[in-house]
Amino acid sequence: MKNRLRLIALGSYELDEIDNYYTRYHEDVIPHMTYTDFSEFKKNGLRVGYEEQYFNRRRRLNSTFMMYIAYGSRYLAELCDLIWAVCDEFTWALPAHTDANNDAYRCIDLFNAETAMSLTEIAFLLGDVLPDDIKERIRCEVNRRVVEPFENGSFAWETMRHNWAAVCGSCIGMIYLYNDKPVPERIFSALNSYLSGFANDGVCLEGLGYWSYGFGYFMYFAMLLLEKTGRDITSDDKILAIARFQQNMYFGTEAISCSDSSPDTAPLTGLTGLLCEHFKGKVSAPRVMPVRNDECGRWAHYIRSFIYTPIMSENAKPEASCPDSQWYIRHTGSYGVFIKGGCNAEPHNHNDVGSFILADKFGQVLCDIGCGEYTADYFDESKRYGYLCNSSFGHSVPIIDGNGQLPGSERRCTEFNCSDNYVELHFGNAYDSEVDIKRELYLFRDRLALSDSFLFSDGSRHSITERFISRIRPKLKDGVIQIGSFRTNIPGSISSQTIKGHGGEDITVYFIDFEVKNSSFKVEFRL
């Protein structure tokens with residue numbers, strides 16, 4: 001890592017990027033992070049205000065480090081002041097993750113672990129350039145906040161099957177490696193728990209954004225482990241399948257946004273380049289402009305964006321069939337389709353069994369909204385599905401007797417069959433009704449045809465509404481509905497709702513509803 005940093009070549013384009021990033025987050029003073037802002041989450045469940053200050057400070061740390069790399073010692077004092085300010089923080093954990101009954105500064109959440117790894121890596125990369133008291137402060141704070149709590153306790157994330165195990169475990173493992181200490185077996189156990197959350201098809205049920213997050217840190221640890229010890233934990237076929245996950249996850253420039261991911265999730269330059277290099281000829285970058293930073297401005301992603309370069313090729317296939325996870329992705333050349341089975345108890349779950357995305361060359365037309373604004377209620381299971389983006393009312397699935405799908409592992413797709421340009425799935429089990437719902441999707445060159453049939457065990461009539469979701473305003477014209485590049489072959493009703501996006505911004509979501517008169521429904525979306 002240190003040698004690679006020494007060898008990076010910064011041209012005028014990279015220098016402009018570094019300058020602009022630094023200018024955006026630089027201030028003449030380092031703003032104080034107040035108790036009022038910190039306590040906002042405990043008072044009303046809001047996260048955005050304090051977290052924006054927290055992330056901005058880390059963005060400034062990242063950008064100042066790169067200004068030092070690019071321009072030399074005149075930025076060292078500011079970098080030291082920023083490191084000192086981070087070390088002064090009451091806790092490196094986010095308020096949403098701390099517990100009033102425990103020491104907040106000893107709470108090893110994602111962000112505590114990330115911050116500890118970042119400072120440790122900065123100290124390693126700069127070595128004797130940093131003053132001794134800065135290096136000692138980093139060492140003491142990392143030990144006090146992360147290493148000692150880890151060695152003297154246990155944490156729930158160690159057995160989780162999603163990004164928490166990967167991020168926390170990898171960051172702590174890297175701290176041990178940078179200090180030339182053996183990595184505790186608990187770290188490898190946590191990473192195995194993380195990997196067990198993937199089926200053999202490599203699908204990340206949390207969505208693309210969380211794949212970048214969790215698998216990114218897993219790979220950063222794996223590369224440092226290989227460099228320091230010669231041990232390779234990436235040689236399994238399943239790891240390669242996970243590494244390939246990103247390649248098929250874009251329609252045009254928009255990402256497939258299932259679960260708590262977003263359509264605007266872009267490939268990360270550093271992670272994608274690392275995967276292209278390490279799995280040479282087997283993994284490639286999607287043909288989408290990569291970015292150096294994720295939404296939180298994480299150090300690990302940013303610094304590696306100057307070390308690794310993505311390689312674009314044609315490894316992505318027009319069809320991706322993932323039977324273990326019940327996913328089907330198809331790029332027809334004219335449009336794209338993503339179809340999901342699964343269950344309603346997945347990580348960052350949405351009640352979305354049987355839903356699908358339809359995209360043209362510009363992006364999603366029938367969409368998956370993705371994640372909403374993170375608040376306390378958003379992660380309260382009793383309130384989570386009151387948010388449109390999490391409920392089945394915000395996905396392209398039927399509404400039965402005015403009711404949507406229910407959460408739970410038993411609420412699932414019971415059959416999922418796909419072949420070239422055809423998918424059949426059964427997902428009545430997702431509803432609190434004794435019904436078999438058979439959904440068939442036929443992919444033609446110029447249209448998608450959908451056919452749903454409903455068989456109720458009680459034999460009686462039920463009210464059924466077929467709902468389709470878009471962030472593009474539909475138009476009713478000549479008896480049919482126009483949505484983006486597509487039009488329906490039958491009329492329906494149009495309504496809308498405004499919700500909060502992940503950053504707290506207003507988003508208008510449009511509903512295209514069709515009343516089902518009999519026990520079956522058919523519609524075509526034609527280009």
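This is a predicted model: local features need pLDDT of at least 70, side-chain atom pairs count only at pLDDT 80 or more; totals for chains, interfaces and linings use all residues.

Biologist: How many bridges join β7 to β8, and which way do they run?

Modeller: Three bridges join β7, residues 356-360, to β8, and the two run antiparallel. A hairpin of two residues links β7 to β8.

Biologist: What about the other neighbour, β5?

Modeller: β5 covers residues 336-340 and is joined to β7 by four bridges, again antiparallel.

Biologist: What's the strand order in the open sheet?

Modeller: Five strands, β3-β4-β5-β7-β8, with antiparallel pairing. At the edges sit β3 (319-322) and β8 (363-366), each pairing on one side only. From one strand to the next, the twist averages 20 degrees.

Biologist: Back to β7: is it buried or exposed?

Modeller: Mostly covered, with five of its five residues buried. F356, L358 and D360 are on one side, I357 and A359 on the other, and both faces are covered.

Biologist: Changing topic, where is F38?

Modeller: F38 is in helix α3, residues 35-38.

Biologist: And why does F38 count as buried?

Modeller: Because its relative accessibility is 15%, and the cut-off for buried is under 20%.

Biologist: Which residues does F38 touch?

Modeller: Leaving out residues up to four places away in sequence, F38 touches Y50, F90, T91 and P95.

Biologist: How far apart are the C-alpha atoms of F38 and Y54?

Modeller: They're separated by 9.8 Å, with the two residues 16 apart along the chain.

Notes:
Residues are numbered from 1 along each chain as its sequence is written. Side-chain values use heavy atoms; hydrogens and water are left out. Two strands pair if DSSP finds at least two bridges between them. Axes are lines fitted to C-alpha atoms, for helices over the stretch in contact, and angles run from 0 to 180 degrees between N-to-C directions. Buried means under 20% relative accessible area, exposed over 50%, partly exposed in between (1.4 Å probe, protein chains only). Contact means heavy atoms within 4.5 Å.
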